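Have the model open as you read.

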Amino acid sequence: MSPTPPRAPAPTGRARPPDRREHIVAAATISFSEHGFHGTKLAEIADAAGVSAPALYRHFANKADLLGAVTRDMSTRVHAALAAVPTQPEAPDAELAAVIDAYLTGVLAHRRHSDVYRWEWQSLSDEDRAFARDLRRASHRRTRDLIGRMRPELTKNQTDTLTDAIYAIASSPANHRATLPRKVIGPLIRNAALAAVHAELPDTPSTPTPAAGLLPTGRRENILTESVLLFAARGFHDVTIDDIGAAVGLPPSGVYRHFPSKQAILVAALQRTSERTTSAITAGLAQSDGPDEAVVRLAEQYARLCVAEPAIVTAYRRCFGALGGEDRAALRRQQRINVDEWSTWLLAARPELPPNAARFLVHAALDVITDLTCHTHPTDAATATAVALAVLQQTTLA
């Protein structure tokens, strides 16, 4: 994400702006964020940037080249902002707080267009992906070293987990639309990230492997199950009906007997994810005797869901942007209902919280659980729960 928002596109027209490339990249950042790589049209970017299509092609060979430029610019600015934070050899906690603040500045400067790399990494060239990854690793390495100095008793896996947690929490405001003044969001999320650093981590395996289980025998369910795995691994647009049919031993016509289109399969898959999340809430509350316990059980149940079915959660996050407007709106409504349920119980346990502050903390907790458990090197449910509870139960709000 960028520590400064993209510059506003140039006014519509064909006058040659002196910083034409910057206008194009700024317009592309907004379009890729709002419509995804596959939903973005270069002609629309050119119009938004106030240039002609031939002028755009003088700067960028194709859409992938432009996505690479957006990602490189964002990654470079983030790296520069964090590298500018002074070192404090005698105060690693203060240095870490300053690093988080610098990162949050970028997130909050342009919340809705802050992390194209996270959602569109599959569409990047190998070179562009490696460039962004290397800069992120450098920032994470510094953060990991600071955590290690603050908590020398932790194992390397635990320190890596808390490093990932910090960036998941700090990125969380970009993934929802709850509102608070920026001067309130910054300290709230920074302190949530710092609380996660001090979470009491259980002595459990750090890389659990969910049981494979058995596949459903019904054709429709089998198609849905295999599609979720394919969407999670490759994204929506790179999976074909032929791929889905091959995974379940059917010709494309056999798939179409159960679903009218690939889009219909995606809608059913993501609705399934939303239903599972709602069921996890119901299960958590059924085990609770009061608000404090409810907060714990909600975190536990969601973490268990993510560990048990990482593909369905990953498919939701990776493919949400491929939905049509009405389907996307319906899923967002259900997500708000689920977040409101969490927030209601968090506010009952912590009545001193402003309502929207509770929503920010709930989103941060959900994001950190999802990121940790659906990571390339997944964390176990107990560890993810402990980190999420540190976020929800942290007492320093400003």
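A salt bridge here means a side-chain nitrogen of Lys or Arg within 4 Å of a carboxyl oxygen of Asp or Glu. Keep in mind that this is a predicted model. With that rule, the structure holds 19 salt bridges.

Start with Asp160 and Lys156, whose closest N and O atoms are 2.8 Å apart, so the pair counts as a salt bridge under the 4 Å cut-off. Both residues sit in helix H8 (residues 156–171), four residues apart, or about one turn of the helix. Lys156 is exposed, at 58% relative accessibility.

Is Glu300 buried or exposed? With a relative accessible area of 18%, Glu300 is buried, while Arg297 is partly exposed at 23%.

What about a bridge between distant parts of the chain? Glu127 and Arg72 make a salt bridge at 3.6 Å, N to O. Glu127 belongs to helix H7 (residues 126–150) and Arg72 to helix H4 (residues 63–83), so this pair links distant parts of the chain, 55 residues apart. Glu127 is exposed, with a relative accessible area of 60%, whereas Arg72 is partly exposed at 24%.

Arg112, Arg177, Arg333 and Arg336 form a positive surface patch. Of these, Arg112 lies in the loop between helix H5 (92–109) and helix H6 (116–120).

Definitions and conventions
Residues are numbered from 1 along each chain as its sequence is written. This is a predicted model: local features need pLDDT of at least 70, side-chain atom pairs count only at pLDDT 80 or more; totals for chains, interfaces and linings use all residues. Side-chain values use heavy atoms; hydrogens and water are left out. Patches are made of residues with over 30% relative accessible area and no salt bridge: like charges are joined within 9 Å, nonpolar side chains (Val, Leu, Ile, Met, Phe, Trp, Tyr) within 5 Å. Accessible areas come from the Shrake-Rupley method with a 1.4 Å probe; for residues, only the protein chains shown count as cover. Lys and Arg count as positive and Asp and Glu as negative; His and the chain ends are not counted. The place of a charge is taken as NZ of Lys, CZ of Arg, CG of Asp or CD of Glu. Helices (H or I, at least four residues) and strands (E, at least two) are DSSP runs, numbered from the N terminus. Buried means under 20% relative accessible area, exposed over 50%, partly exposed in between (1.4 Å probe, protein chains only).
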